[in-house]
Amino acid sequence: MRLLELRCERFRNLDEVTLTPSPGATVAVGHNGAGKTNLLEALYYLATLKPLRASKLSELVRHGEASAKVTGRFLLSGAERELQVEIFEGSRAAYVDGKRAPSFDDYFGGVSVVAFTPDDLMVVKGSPEGRRAFLDRAVFNRFPAFLAESRAYAKALKSRNRLLKDQAPAAHLVAWDETLAKTGARLWTRRRALMGELQARAVEAFQRIGRTESGASFSYAPAKVELDFAAASEEALAQALQAALAARALRDLERGHTSVGPHVDDLELGLGGQSARAFASQGQARAIVLAWKVAEIENLHAASGVLPLLLLDDVSSELDPDRNAFLMAYLHDSGAQTLLTTTDPSLVKRAAGPQTVWLSVAGGKVTKGLP
Ligand SMILES: Nc1ncnc2c1ncn2[C@@H]1O[C@H](COP(=O)(O)OP(=O)(O)OP(=O)(O)O)[C@@H](O)[C@H]1O
Ligand SMILES: [Mg+2]
């Protein structure tokens, strides 16, 4: 997979940007507030239809404009394909080769990106919510159908929570429990499948990066449910969730929200058998995240034979020199197409080669060459 051209129109502070990235590394350099992350975010949104950081779609549209558009030409298994997404009035429309995409499957077919941001580096010490989002981005990268599946779950959860807030009779809740359990069990199987593929790779990648005696561990299991998670069928997972929902109905009514299901679980990150959240140093925590990202890239490559497009947003300034050197050498050797942003080009020069395209970003404009 290769990105041949990217065009952004009225996306955040970017006015009209057309760029031809390198097949290797493309580095966007600029001062704070120039629009570097916006450029990366435009590409991430195009490839995933998930915002990298915005909470509302309308934030992606340039102030004072009615709509934004991002277009990318990709080379996929030898054929060219144009993806386009338009954002207007808080919603979006996705197109493949100029025609409205009939389904997510049509749209995503073959394009995958792995993003690595300073927010990711905070994940180990941060909230369970942040770790769930972190895990789910990886699940989505591996199984694009997960986007629609997690929306179905979120919708059912919202309906049940509304009933809880309205103090609906317990009998009414039961009507929702089955849908919630079914959609929830699907999320569990997706997360389980991803963890099954990623775990060993991430442990091994941490050995390469960690520079510590202790090993890292990565695990996930549903909270507050009785079941053999590793072995249970999807149907058994749905039954276990439905039973847990029924058992907690009164407590949930008291509290006004649903207290069991994929939306309350946590991704357990460990170091030397202890909780990394509680005990890892900042550097170790970052190495754990880096190992996860490396595992994700290698896993996608193993599963599809195609290297994902890598997006790194100013990560080098957050890593210590050794780990940054590891990452830059890794990117260089992986052969993956990469888009990096930085305020300081010297931090990423190890990822660069003769093919590297340098871009200057200033005031929402992108030009070729170093500033
Ligand atoms: N919808 C929007 N319309 C216009 N400008 C926006 C919009 N959303 C964000 N901006 C502006 O875009 C500018 C650039 O943001 P961006 O995060 O891309 O900067 P950056 O180059 O990554 O900076 P840093 O090095 O600090 O990370 C900010 O000044 C922000 O106010
Ligand atoms: Mg930025």
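Two strands are taken to pair if DSSP finds at least two bridges between them. In the predicted model described here, strand β1 (residues 2-9) and strand β4 (residues 67-76) are joined by seven bridges and run antiparallel. Within this pair, C8 lies opposite V70 of β4. Strands of a sheet pair through backbone hydrogen bonds, in either a parallel or an antiparallel sense.

The strands β1 and β4 belong to an open sheet of six strands, in which the order is β2-β1-β4-β5-β6-β7 and the pairing is antiparallel. At its edges stand β2 (16-19) and β7 (99-100), each of which pairs on one side only. Helix α1 (residues 36-48) packs on this sheet and touches β1, β2, β4 and β5 (79-88). The direction of helix α1 makes about 70° with that of β4.

Four bridges connect β8 with strand β12 (residues 309-313) in the parallel sense, and A115 stands opposite L311 of β12. Strand β3 (residues 25-29) likewise pairs with strand β14 (residues 357-362) in the parallel sense, over four bridges; here A28 faces L359 in β14. By contrast, β14 and β15 run antiparallel and are joined by four bridges. Residue L359 stands opposite K368 in β15, as well as opposite A28 in the pair formed with β3. The strands β14 and β15 form a hairpin with two residues between them, and G363 in the turn has a positive phi of about 55°.

The domain assignment divides the protein chain into domain 1 (1-112 + 306-371) and domain 2 (127-287). The centres of the two domains, taken over C-alpha atoms, are separated by 29 Å. Contact between them involves twelve residues of domain 1 and nine residues of domain 2. On the side of domain 1 that touches domain 2, α2 (104-108) and α11 (321-334) each supply at least two residues. The largest share of that side, three residues, is contributed by α2. Classified by residue type, the side of domain 1 that touches domain 2 has six nonpolar, two polar and four charged residues.

Helix packing was also examined. Two packed helices are described by the angle between their axes and the distance between the axes. Helix α4 (residues 128-142) packs against helix α6 (residues 170-209) at an angle of about 85°, and their axes are 10 Å apart. Because angles of 65 to 115 degrees count as roughly perpendicular, α4 is roughly perpendicular to α6. The contact is made by L135, A138, V139 and R142 of α4, together with R190, R191, L194 and L198 of α6. Five of the residues in this contact are nonpolar and three are charged, with no polar residues.

The surroundings of the ligand complete the description. Ligand 1 is surrounded by 16 residues, of which N13, N32, K36, T37 and N38 are the closest. The shell around ligand 1 comprises nine polar, five charged and two nonpolar residues.

How values were computed:
Residues numbered from 1 in each chain as written. Chains lettered and ligands numbered in written order. Predicted model: local features only at pLDDT ≥ 70, side-chain atom pairs only at ≥ 80, totals over all residues. Axes fitted to C-alpha atoms, helices over the stretch in contact; angles between N-to-C directions. Parallel < 35°, antiparallel > 145°, perpendicular 65-115°, else oblique. Contact = placed C-beta atoms within 7 Å. Nonpolar A, V, L, I, M, F, W, Y, C, P; charged D, E, K, R; others polar. Near = placed C-beta within 6 Å. Domains from an automatic or database assignment.
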